[in-house]
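Subject: Structure handover: cores and aromatic contacts

Hello,

Here is the structure for your files. My notes on its core and its rings follow below.

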Amino acid sequence: MRNNTTALLIGMLSFLASAHGTPTKQIAVAPVEKDAGPILSFKNKQSSLEAGARGRSTFQTSDGFPVDKDGNVHSPEDSINHQFRIHADYKHTFGRYFWLEAHYEQDVYTGYSQALEQDPNLLPDRRFEKGQSEIRKANMSLRLGPIAIGGGINTSHWGLGLLANDGAHGWQHDNAYFTDPRSGDRVLRGYLLIGPLTDFKIAASIAYDSVIDDDILLEDDEAHQIIGALLLNPQGDRTAGIYVAHRTQENYTGEKTVITAIDAYGKWTQDIGNGLDFVAEMEAATIIGTTGLGASPEFEEHKVIQFGLASRVSLNGSKWGVVTDLAFASGDQNTDDEQINNFKADRNFEMGQLIFRTALTAISARAPITAANPELVGRPNADLDRIPTQGTVTNTLAIFPRVRWTPMGSLTLYGGPLFAFSSVPLLDPLNTKTGGGTPFNAYDAQAGRYLGTELNGGIRYTPEYAGVGFLLGLEIAYFTPGSAFEDVDGKRPDPISGGRAFVGVQL
């Protein structure tokens with residue numbers, strides 16, 4: 001019920017750069033979706049300028065899912081989500097080790113093309129219930145030898161995007177990732193960077209952020225954070241890093257959340273011969289602190305103790321590959337005790353299409369309605385608007401093995417089964433409270449912890465003509481609910497299916 005303190009979507013580490021790269025690009029240690037080619041390109045002995053654009057539309061649909069013991073069903077509306085993004089990058093060199101860089105990126109339009117007639121909490125991101133425009137980058141940096149200083153609006157990304165995700169790390173030829181990223185974590189940042197230095201290419205930085213927008217920043221909230229970071233070999237295929245971020249967030253009533261996040265990331269790439277590469281990545285985050293959100297007569301302040309982990313292991317060849325994602329997010333089986341334990345990953349960190357983004361989103365969006373009924377619970381707990389998960393990976397242990405096959409350079413088929421468990425039993429606030437504190441799910445039962453099996457399959461065609469990239473894609477999913485969704489009679493919801501289709505162009 002008080003679960004959004006997890007989100008510390010720390011504006012992290014887009015500022016770590018190598019001696020020959022930009023702060024924004026350098027820290028993107030996972031593959032970034034790239035434009036096919038710039039619309040505008042200019043270069044002379046001292047200056048260079050590139051500008052480009054990308055447009056994408058996604059049609060999404062899925063079956064309905066029962067959300068409570070009374071049999072109420074959430075039936076998602078078919079939706080179309082658009083994104084049109086422009087960017088420009090400028091560099092001016094004054095000398096061999098002295099240069100100035102400037103970056104601009106804007107989503108001219110992002111969000112749904114029509115106002116959906118449903119609770120915004122049922123959307124993967126309620127910020128885009130209606131389309132809008134947002135500036136993602138407007139920043140400058142000055143580099144003098146091993147020292148860089150800069151500031152402005154920037155996006156944040158770290159590692160696999162478990163906590164900080166810029167919304168630009170999506171499907172790539174070698175990751176078979178089921179994702180459709182939107183928006184991203186945006187901050188107004190000032191930073192100082194030193195490095196990389198020595199043969200280990202060590203880079204260290206300190207930054208101050210005023211958070212513009214991220215997953216947990218509700219309307220009228222304010223958040224600020226101080227970050228210290230250390231990274232080895234930022235641009236390399238073998239890299240490791242750690243940061244410590246201290247964040248203070250205050251809501252419109254003056255309730256404060258003060259937390260510290262420690263997040264470590266490592267990547268190892270190995271050529272094993274025969275045209276095959278082995279890649280292993282891991283990110284682990286711990287969050288500790290206090291929050292005044294969700295205060296109750298028993299506890300005016302709560303301790304925050306949360307843990308999340310993500311890993312990706314892949315074997316990549318030119319025509320085929322196998323990849324396995326694993327995610328763990330701690331859960332909270334008691335919303336009335338002193339601690340808040342449920343870790344929530346960034347919404348752009350996706351695992352499949354239906355378990356987290358449809359089934360659990362629908363159930364969690366129903367919970368604030370029932371939990372606020374004064375005839376049943378007396379005085380409702382505060383901050384019920386922070387219950388809905390909105391598609392985040394939370395309270396889970398999930399494993400997602402996949403295979404991909406590229407029969408031709410521009411055509412890729414990919415897919416695999418997602419197996420998901422809850423780290424603690426699913427908990428409905430109302431049913432648990434009226435049941436005396438024992439965890440009961442939305443169907444008023446003490447159920448198991450297997451969330452279910454989701455089969456995912458996709459196909460993408462990504463040709464390029466005359467420097468213009470095109471995208472045609474289709475992803476489908478079939479979800480069979482597990483024991484975690486059983487009711488008092490041991491019955492489970494019927495399987496549901498869904499999917500999304502993509503069309504896009506990159507310049």
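The largest nonpolar core has 50 residues. Such a core is a set of buried Ala, Val, Leu, Ile, Met, Phe, Trp, Tyr and Cys residues joined through side-chain atoms within 4.5 Å. Buried means under 20% relative accessible area, exposed over 50%, partly exposed in between (1.4 Å probe, protein chains only). Phe 349, Met 351, Phe 356, Leu 451 and Phe 485 have the most contacts inside this core. Helix H2 (residues 355-371) gives the most to it, with five residues. Helices (H or I, at least four residues) and strands (E, at least two) are DSSP runs, numbered from the N terminus. Apart from this core lies another, of five residues, including Tyr 191 and Leu 193.

This is a predicted model: local features need pLDDT of at least 70, side-chain atom pairs count only at pLDDT 80 or more, and totals for chains, interfaces and linings use all residues. Residues are numbered from 1 along each chain as its sequence is written, and side-chain values use heavy atoms, with hydrogens and water left out.

Now the rings. The whole structure holds 12 aromatic pairs. Rings of Phe, Tyr and Trp (its six-membered ring) pair if their centres lie within 6.5 Å; planes under 30 degrees apart count as stacked, over 60 as edge-to-face and the rest as tilted. Phe 65 and Phe 485 are edge-to-face, because their planes stand at 80 degrees, with centres 5.5 Å apart. They sit 420 residues apart in the chain. Both are buried. Ring pairs also join Trp 171, Phe 178, Phe 400 and Tyr 414 into a cluster.

Best wishes
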